[in-house]
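This briefing goes with the sequence and model shown below. Please keep both in view while reading the points.

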Amino acid sequence: MSQRIQFSQTGGSEVLEIVDEAPSAPGPGEVLIRNKAVGLNFIDIYFRTGLYPAPSMPSGLGTEGAGVVEAVGEDVTHLNVGDRVAYAQGPLGAYAEHHTLPAEKVVLLPDFVDFETAAASMLKGLTVQYLLRQTYALKGGETILFHAAAGGVGSIACQWAKALGVKLIGTVSSKEKAELAMANGAWATINYTEEDVVERVRELTHGEMCDVVYDSVGKDTWEMSLDCLKPRALMVSFGNASGPVDGVNIGILNQKGSLFVTRPSLNGYADTRERLEMMCDDFFAMLESGKIQVDVANRYPLAEAGRAQDAVQSRKTTGSTVLLP
Ligand SMILES: NC(=O)c1ccc[n+]([C@@H]2O[C@H](COP(=O)([O-])OP(=O)(O)OC[C@H]3O[C@@H](n4cnc5c(N)ncnc54)[C@H](OP(=O)(O)O)[C@@H]3O)[C@@H](O)[C@H]2O)c1
């Protein structure tokens, strides 16, 4: 038997329950992975609360993990039993000792990446890859605003921006988070609990404002983020930590300076095997060079997934969180 976390109704972390069941054998094109570490991401909270609907109930949770291939289905050519692997996409159910998923979503783990690092960074690292290298192909010299700069995604973004020669201004909610973001390579930070973000961005940029704003906070920051942009610049709204941005009159993009806006997702960028491999190659190269170091700051037993989610949701964490089966 094998343990997994599931939920039968949406709600607070109390809806998560741990159950025992036999791992499902991989079908054609699938692999069965014994997870060594599981990544916790804010999107898991969106599914648990019902902001994003789970395809069926009861539902597993989580899309990121790292471990060892235990069984291989028909027609799988790039993976073998015993391979060290990681994944950041696919059906919900990574919060488990075993997870069965399409092999095309699974990549071989280079020797220099351990299981905890992979589970803590694959989804977040590939997200930063597409945000900084594709959604807007930063070349160096640009000024960007990145919200939640001391979080899991933010900690990787600070380091990647520094490596590219980009001035990243990070928003944070405390002095400790500001220090962490600076240590990770942020050019400046703004503690939004004490400072006016737009005014501070104006001061820091001498009135020029930002080339791109990366906003994963959503509802609370949407309009303020638009005010931090140069004319004709790009707003990247990529998350809903405070709730979704809805009911927008697109005329606001005209009023704020003929702005561009996009609402991207990892699945929309890593939508083919070739694109997934290209993005992994880029991210793993950053890890191998040491330009990005992953802060596996928070570890919880799998059975305490609810407590781990509460910590992330209540802004108590910095860096990444993993669950250990
Ligand atoms: N679209 C995509 O492809 C994609 C992929 C991965 C992640 N994301 C998004 O990226 C964001 C970061 O993900 P993560 O897993 O690395 O989480 P995280 O950044 O470690 O945690 C979220 C952070 O958001 C900030 N925050 C601001 N307002 C908040 C609120 N009302 N409630 C909770 N947190 C709030 C907090 O930082 P402060 O205390 O400093 O404000 C908090 O620590 C999430 O919004 C997630 O949905 C999107």
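This is a predicted model: local features need pLDDT of at least 70, side-chain atom pairs count only at pLDDT 80 or more; totals for chains, interfaces and linings use all residues.

Residues are numbered from 1 along each chain as its sequence is written, and side-chain values use heavy atoms, with hydrogens and water left out.

**Confidence**

- The protein has a mean pLDDT of 98, and 100% of its residues reach 70 or more; pLDDT is the predictor's confidence in each residue, from 0 to 100.
- Confidence is lowest in strand β2 (residues 17-21), with a mean of 96, and highest in strand β9 (residues 143-146), at 99.
- Helices (H or I, at least four residues) and strands (E, at least two) are DSSP runs, numbered from the N terminus.

**Ligand site**

- The ligand is surrounded by 28 residues, a residue being near a molecule or strand if one of its heavy atoms lies within 4 Å of it.
- The closest of these residues are Y46, Y130, S173, K177 and Y192.
- By class, the shell around the ligand holds 13 nonpolar, 11 polar and four charged residues. Here Ala, Val, Leu, Ile, Met, Phe, Trp, Tyr, Cys and Pro count as nonpolar, Asp, Glu, Lys and Arg as charged, and the others, Gly among them, as polar.
- Three helices, α1 (42-49), α2 (115-135) and α3 (152-164), each supply at least two residues of the shell, and α2 gives the most, with four.
- A polar contact is a pair of N or O atoms within 3.5 Å; within protein, one must be able to donate a hydrogen and the other to accept it, and residues adjacent in sequence count only if both atoms are side-chain atoms.
- Y130 places a polar side-chain atom 2.7 Å from an oxygen atom of the ligand.
- A polar backbone atom of V153 is 2.8 Å from an oxygen atom of the ligand.
- At P264, a polar backbone atom is 3.1 Å from a nitrogen atom of the ligand.
- The ligand taken alone exposes 910 Å², of which the protein buries 93%; accessible areas come from the Shrake-Rupley method with a 1.4 Å probe, and for residues only the protein chains shown count as cover.

**Cysteines**

- The count of disulfides is zero, a disulfide being a pair of cysteine sulfur atoms within 2.5 Å.
- C210 is in no disulfide, and the nearest cysteine sulfur, that of C228, is 5.9 Å away.
- C210 counts as buried because its relative accessibility is 0%; buried means under 20% relative accessible area, exposed over 50%, and partly exposed in between (1.4 Å probe, protein chains only).
- C280, at 2% relative accessibility, also counts as buried.

**Backbone geometry**

- Most residues other than glycine have a negative phi, and most peptide bonds are trans.
- M57 and P58 are joined by a cis peptide bond, with omega about -10°; P58 sits in the loop between α1 and β4 (59-60).
- D75, in the loop between β5 (65-72) and β6 (84-87), has a positive phi near 70°. D75 is exposed because its relative accessibility is 65%.
- R232, in strand β13 (residues 229-237), has a positive phi of about 65°. The relative accessible area of R232 is 61%, so R232 is exposed.

- N254 lies in helix α7 (residues 251-255) and counts as exposed at 56% relative accessibility.
- N254 and H78 are 176 residues apart in sequence and 49 Å apart in space, C-alpha to C-alpha.
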